[in-house]
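Please keep the sequence and the structure in view.

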Amino acid sequence: MPGFDITQTPAWAHLLVHHEHIADAHMRHWFEQDHGRFARMHERLDGMLVDFSKNRITDETLQLLTELADAADLAQWRERMFAGDKINLSEHRAVLHTALRQPREAVIEVDGVNVVAQAYAALDEALAFAERVRSGEHVGHSGERIRHVVNIGIGGSDLGPKMVVEALQSYADAGVQVRFVSNVDGAHLAQTLQDLRAETTLFIIASKSFTTPETLLNAEAAKQWLLAQTGWDLDAIAPHFVAISTNLQATSAFGIDNRHVFKMFDWVGGRYSVWSTIGLPVMCAIGRAGFMQFLAGARAMDEHFLQQPWRHNVPVLLALIGVWYNNFFDAHSHAVIPYDYGMRALTEYLQQLDMESNGKNVTQQDLPVECATGPIIWGSQGVNCQHAYFQMLHQGSRLIPSDFIVPMNSHYPLGKQHQVLVANAFAQTEALMRGKTLLEAETELLQAGKDTQLAAQKVFAGNQPTTSVLVDAITPHSLGMLIAMYEHKVFVQGVIWDINSFDQWGVEYGKVLAKTIEPELAGQGDAQHDASTLALISYFREHHVS
Ligand code: F6P
């Protein structure tokens with residue numbers, strides 16, 4: 001579709017007109033007048049309920065948004081992605097994270113190779129290794145059992161497995177504690193290792209490229225830490241270091257035994273790779289059965305995404321409603337609030353998934369995008385966020401749509417705590433939708449026997465959109481569904497904006513610049529810089545004590 005511009009389609013024009021009509025309408029009136037609203041605007045699937053009704057949408061909005069999906073040829077793009085077409089045009093790669101959760105017998109060919117078989121061969125090796133670690137069959141150099149697994153990686157080689165291991169902590173049943181080091185700030189590695197013993201620690205060096213400087217520096221420092229504790233015996237490296245990478249040359253140069261390198265493939269992007277061998281830390285924590293349930297959950301969402309009409313397709317609806325706010329209401333950000341302590345790293349994970357994917361301003365045909373693309377993703381765990389920035393959601397001046405993710409059951413049932421947590425989540429969505437009028441504020445003050453002078457300060461505009469995603473509990477299966485749901489949401493939005501959601505040239509640019517400056521901090525090299533950057537470099541040289 002050369003030169004495709006979604007803003008020039010009739011569907012976009014219809015939405016602009018429709019927005020004029022309903023921009024000022026208040027959801028509280030819609031709820032008062034229409035008792036069937038929730039019934040029509042929620043979806044249930046496989047232990048999940050998604051409530052879209054507290055959004056600034058009508059049936060007509062949804063109809064027009066689905067026309068937008070058709071205008072962008074979403075069905076064809078979806079088919080191409082699942083079939084392994086090279087839809088990552090700038091890197092000439094297939095986008096096949098969905099192949100990682102296909103049934104074993106499925107066949108998807110890329111360049112004549114069945115990638116499903118390829119993926120299972122790698123997965124089986126990783127799962128078998130994880131089981132050996134969990135059972136104590138794989139031991140350290142001194143013959144001791146592995147008690148700690150430290151994953152060293154960054155971006156997609158960190159955020160997914162870290163979030164999943166934390167979220168599924170109650171499933172970690174083998175006495176193996178998994179930790180994550182990503183930051184090249186020495187504090188991260190040093191603090192992570194300070195209470196560990198080399199003899200009982202296994203390092204996973206996770207890097208698709210095995211060229212990421214942060215990861216390689218931390219891996220080298222970890223190697224030195226291990227060698228220092230094992231009498232500088234080089235034989236100690238093999239049982240304590242494994243890698244996940246596409247770059248076997250670099251892993252063997254690092255000293256990692258080839259039998260302990262778990263393969264990745266270039267048809268899986270870093271931020272979509274938690275389903276691959278990058279999930280090894282998850283496998284070590286929850287084991288083979290749990291990991292297979294995690295994949296099955298994602299597959300259930302894939303099937304839903306493939307089969308449901310747009311109007312009942314959860315990831316598509318999330319995406320379209322997101323476009324509605326982003327492009328027609330000019331909302332700049334989108335908050336995600338998991339009411340689950342284990343899911344506290346979800347937002348960080350989604351920041352990479354969404355912003356590294358859709359933070360683009362050039363179309364697939366190299367033309368400028370004519371509308372705003374991916375929103376700023378932010379948020380943190382409920383209820384803590386209520387005592388921090390929720391004031392802004394309630395009485396600030398910006399439209400901030402948000403997702404509330406709420407499990408119906410906790411793995412840690414302590415007294416009434418879970419009810420209180422859930423009550424808070426539901427109460428927030430209600431308050432954000434309804435708001436409070438001046439009359440209501442005055443009445444409340446009068447009923448409390450107080451002066452009504454404060455009433456204006458206690459008015460809440462409401463009409464702040466939320467989507468509630470309820471799951472029975474955070475399990476490997478439901479977490480797989482949730483992550484796949486967001487992956488597909490991001491994909492659909494990328495299709496609408498006609499951007500490549502699967503490359504990340506902006507990040508690559510930053511990496512190159514850092515490589516130039518790093519030697520200059522040590523007084524070597526004299527690349528051209530602006531006055532500010534030159535001054536910052538020389539300030540470092542003056543003040544750094546080496
Ligand atoms: O942050 C940029 C990035 O390229 C991500 O896309 C990727 O997940 C991360 O770096 C880590 O890359 P690697 O796995 O190759 O070390």
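**Burial, ligand site and backbone**

Q: Is Thr230 buried or exposed, and what is its relative accessible area?
A: Buried means under 20% relative accessible area, exposed means over 50%, and partly exposed is in between, with a 1.4 Å probe and protein chains only. Thr230 falls in the buried class, because its relative accessible area is 15%.

Q: What pLDDT do local features need in this predicted model?
A: Residues are numbered from 1 along each chain as its sequence is written, and side-chain values use heavy atoms, with hydrogens and water left out. The model is predicted: totals for chains, interfaces and linings use all residues, side-chain atom pairs count only at pLDDT 80 or more, and local features need pLDDT of at least 70.

Q: Which backbone oxygen does the side chain of Thr230 reach?
A: Helices (H or I, at least four residues) and strands (E, at least two) are DSSP runs, numbered from the N terminus. Thr230 sits in the loop between helix H9 (213-229) and helix H10 (237-240). A polar contact is a pair of N or O atoms within 3.5 Å; within protein, one must be able to donate a hydrogen and the other to accept it, and residues adjacent in sequence count only if both atoms are side-chain atoms. At 2.8 Å, the side chain of Thr230 reaches the backbone oxygen of Leu226.

Q: Which residues come nearest to the ligand?
A: A residue is near a molecule if one of its heavy atoms lies within 4 Å of it. Of the 15 residues around the ligand, those that come nearest are Gly156, Ser157, Ser207, Ser209 and Thr212.

Q: How much of the ligand's accessible area does the protein cover?
A: Polar side-chain atoms lie 2.6 Å (Ser157), 2.5 Å (Thr212) and 2.8 Å (Glu356) from an oxygen atom of the ligand. Accessible areas come from the Shrake-Rupley method with a 1.4 Å probe. On its own the ligand has 390 Å² of accessible area, and the protein covers 89%.

Q: How many residues of the ligand shell are charged?
A: Asp, Glu, Lys and Arg count as charged; Ala, Val, Leu, Ile, Met, Phe, Trp, Tyr, Cys and Pro as nonpolar; the others, Gly among them, as polar. The shell holds 2 nonpolar and 9 polar residues, and the charged ones number 4.

Q: Where is Val383 found?
A: Most peptide bonds are trans. The bond from Gly382 to Val383 is cis, with omega near 5 degrees. Val383 is in the loop between strand S11 (376-378) and helix H15 (390-395).

Q: What is the relative accessibility of Asn463?
A: Most residues other than glycine have a negative phi. Asn463 has a positive phi near 60 degrees. Its loop runs between helix H17 (438-447) and strand S13 (466-471). Asn463 counts as buried because its relative accessibility is 7%.

Q: What is the relative accessibility of Asp73?
A: Asp73 is not a glycine, yet its phi is positive, about 60 degrees. Asp73 lies in the loop between helix H4 (59-71) and helix H5 (74-83). Asp73 counts as partly exposed, because its relative accessibility is 29%.
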